[in-house]
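Thanks for passing this one along. Here are my notes, written so that you can follow them with the model open beside you.

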Amino acid sequence: MNGGYITVSSQTTGVAIATSGTSASATIPTMSSGELPRFIRVAATAPACVRLGKSSATALSTDLQIQPGDAVILSVNGNDRIAAIQVAAAGVVQVSPLENM
């Protein structure tokens, strides 16, 4: 990142994962080129735990916790799935591919 800009493409869309007490997963959204991104931005409306995976992913309560109002940038590292589970209340985890990272 080195002080540069982060670009979320206007030509692609992210995914929204509704969280509950059971893990739910989605395919990591692609960049405008159709390729998997190197990095994704993950945000949540309520505390949630997330996990990346290859072909499948199941989030556990001990995985990376995302807080509302915060966002994390995660390296995809060849994974193509992301899973999320609520911490205490249902919410939505939103995932966007980052183009220029």
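The points below go from the whole chain to single residues.

1. **What you are looking at.** This is a predicted model, in which local features need pLDDT of at least 70 and side-chain atom pairs count only at pLDDT 80 or more, while totals for chains, interfaces and linings use all residues. Residues are numbered from 1 along each chain as its sequence is written, and side-chain values use heavy atoms, with hydrogens and water left out.

2. **Overall build.** The protein chain has eight strands and zero helices, giving the pattern β-β-β-β-β-β-β-β along the sequence. Strands (E, at least two residues) and helices (H or I, at least four) are DSSP runs, numbered from the N terminus. Of the chain's 101 residues, 37% count as buried; buried means under 20% relative accessible area, exposed over 50%, and partly exposed in between (1.4 Å probe, protein chains only).

3. **Contacts along the sequence.** Take the contacts between residues at least 6 apart in sequence: 76% of them join residues at least 24 apart. Contact here means heavy atoms within 4.5 Å.

4. **Strand E8 and its partners.** Strand E8 (residues 92-98) is mostly covered, with five of its seven residues buried. E8 pairs in the antiparallel sense with strand E1 (residues 15-18) over four bridges, and alanine 18 stands opposite valine 92 there. E8 also pairs in the antiparallel sense with strand E3 (residues 39-44), over six bridges, where valine 42 faces valine 95 of E8. Two strands pair if DSSP finds at least two bridges between them.

5. **Isoleucine 28.** Have a look at the loop between strand E2 (24-27) and E3, where isoleucine 28 is found. Isoleucine 28 counts as buried because its relative accessible area is 1%. Leaving aside neighbours within four places in sequence, isoleucine 28 is in contact with residues including Leu36, Ile40, Leu52, Val76 and Arg81.

6. **Arginine 81.** The arginine 81 side chain does make polar contacts with the side chains of serine 25 (2.8 Å) and threonine 27 (2.7 Å). A polar contact is a pair of N or O atoms within 3.5 Å; within protein, one must be able to donate a hydrogen and the other to accept it, and residues adjacent in sequence count only if both atoms are side-chain atoms. Beyond four places in sequence, arginine 81 is in contact with Ile28, Arg51, Leu52 and Ser55, among others.

7. **The salt bridge.** A search of the whole structure finds one salt bridge, defined as a side-chain nitrogen of Lys or Arg within 4 Å of a carboxyl oxygen of Asp or Glu. Aspartate 63 forms it with arginine 51, and the closest N and O atoms are 2.9 Å apart. The pair links aspartate 63 in the loop between E4 and E5 to arginine 51 in strand E4, 12 residues apart. Aspartate 63 is buried at 16% relative accessible area, whereas arginine 51 is partly exposed at 34%. A polar atom of the aspartate 63 side chain also lies 2.7 Å from the backbone nitrogen of leucine 60.

8. **Two positive phi values to check.** Most residues other than glycine have a negative phi. Serine 55 has a positive phi of about 75°, and its place is in the loop between strand E4 (48-53) and strand E5 (64-66). Asparagine 77 has a phi near 50° and sits in the loop between strand E6 (71-75) and strand E7 (81-86). Buried or exposed, where does serine 55 fall? Serine 55 counts as exposed because its relative accessibility is 58%, and asparagine 77 is exposed too, at 67%.
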